[in-house]
Amino acid sequence: MEDLIYILFISIFVPILLMALLIEKKARLPIAFVLVGIFISVFAAEINGLLRNLIIMDSFEFIIIVTPITEEILKALPILIYAILISDKRETLFTASMATGIGFAVLENAFYLLNDSSFNMMDAVVRAFGTGLMHGMCTLLVGVGISFVRKKSKIFIVGTFALLSTAITYHGIYNMLVQSQYEIVGFILPIITYIPFLIWRLKIKQRSKSNKGNV
């Protein structure tokens with residue numbers, strides 16, 4: 001099963017890539033960042049594997065301390081690079097960051113579900129709404145936050161560090177909860193976090209429609 005993650009990577013990445021070459025240009029941004037997230041998921045697995053052999057720590061401690069740091073840094077890097085070199089528009093970063101987190105989660109969830117034969121339908125639901133959404137929300141938090149601090153040079157570095165630290169802490173708390181007797185709290189946490197962002201997005205769309213109607 002050591003090569004499973006690479007088998008999944010090729011099976012998922014290649015068809016989406018081929019589709020991206022045919023779709024309209026406007027739709028390519030989220031698809032591109034989903035692909036970025038899928039690639040980072042493989043890279044993160046390798047980094048975590050190396051660190052697991054170097055750091056003397058039990059599995060529980062590693063999952064709640066080390067894994068959130070490596071994964072959130074890796075997921076945030078393409079968003080940060082995109083914001084600095086290409087565009088720091090909030091709408092664009094919102095889409096790019098959420099797509100990266102979800103792309104990461106797609107491969108990770110597929111790997112865990114296929115790597116353990118004891119997983120059932122309920123485990124799949126928990127991974128989808130819990131872990132999958134958690135990865136999306138952590139990266140979304142960083143992406144939306146960067147859109148606010150990008151043009152403020154005095155707080156850009158500190159602000160980015162604070163955003164990344166928040167995402168790492170959120171990720172660590174989630175991992176700790178789902179590994180404890182409070183698993184249901186961990187499962188609900190990403191859903192509760194998702195709701196305010198959803199409401200915010202709906203309000204922005206309504207405001208945009210209203211402005212167009214008044215023109």
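Q: Is Phe39 buried, partly exposed or exposed?
A: Phe39 counts as partly exposed, because its relative accessibility is 47%. Buried means under 20% relative accessible area, exposed means over 50%, and partly exposed lies in between, with a 1.4 Å probe and protein chains only.

Q: What kind of model is this, and how are its residues numbered?
A: It is a predicted model, in which local features need pLDDT of at least 70 and side-chain atom pairs count only at pLDDT 80 or more, while totals for chains, interfaces and linings use all residues. Residues are numbered from 1 along each chain as its sequence is written, and side-chain values use heavy atoms, with hydrogens and water left out.

Q: Where is Phe39 found?
A: Phe39 is found in helix 2. Helices are DSSP runs of H or I with at least four residues, strands are runs of E with at least two, and both are numbered from the N terminus.

Q: How far is Phe39 from Tyr170?
A: Their C-alpha atoms are separated by 22 Å, and the two residues are 131 apart along the chain.

Q: Turning to helix 1, what span should its 17 residues have?
A: At 1.5 Å a residue, helix 1 (residues 4-20) should span 24 Å, and its end C-alpha atoms are 24 Å apart, which agrees. The expected span is 1.5 Å times one less than the number of residues.

Q: Which residues of helix 1 are buried?
A: Leu4, Ile5, Leu8, Phe9, Phe13 and Ala20 are buried.

Q: What do those buried residues of helix 1 pack against?
A: They pack against helix 2 (25-54) and helix 4 (90-115). Contact means heavy atoms within 4.5 Å.

Q: And helix 3 with helix 6: at what angle do the axes cross?
A: The axes of helix 3 and helix 6 (residues 156-178) cross at roughly 140° and come within 8 Å. Axes are lines fitted to C-alpha atoms, for helices over the stretch in contact, and angles run from 0 to 180 degrees between N-to-C directions.

Q: Is that crossing of helix 3 and helix 6 left-handed or right-handed?
A: The crossing is right-handed. A crossing is left-handed if the near helix is turned anticlockwise from the far one by less than a right angle, and right-handed if clockwise.

Q: Which residues make the contact?
A: Helix 3 contributes residues including Phe60, Ile63, Ile64, Pro68 and Ile69, and helix 6 contributes residues including Phe156, Thr160, Leu164, Ala167 and His171. The residues of this contact divide into 14 nonpolar, four polar and two charged. Ala, Val, Leu, Ile, Met, Phe, Trp, Tyr, Cys and Pro count as nonpolar, Asp, Glu, Lys and Arg as charged, and the others, Gly among them, as polar.

Q: Why does Thr67 count as buried?
A: Thr67 counts as buried because its relative accessibility is 11%. Thr67 is placed in helix 3 (residues 59-85). Leaving aside neighbours within four places in sequence, Thr67 is in contact with Asn48 and Phe62.

Q: What about Val66: which residues does it touch?
A: Not counting residues up to four places away in sequence, Val66 touches Leu51, Ile55, Met57 and Glu61. Val66 is in helix 3, and at 9% relative accessibility Val66 counts as buried.

Q: Finally, where does Lys89 lie?
A: Lys89 lies in the loop between helix 3 and helix 4, and at 57% relative accessibility Lys89 counts as exposed. The C-alpha atoms of Lys89 and Ser147, 58 residues apart along the chain, are separated by 6.3 Å.
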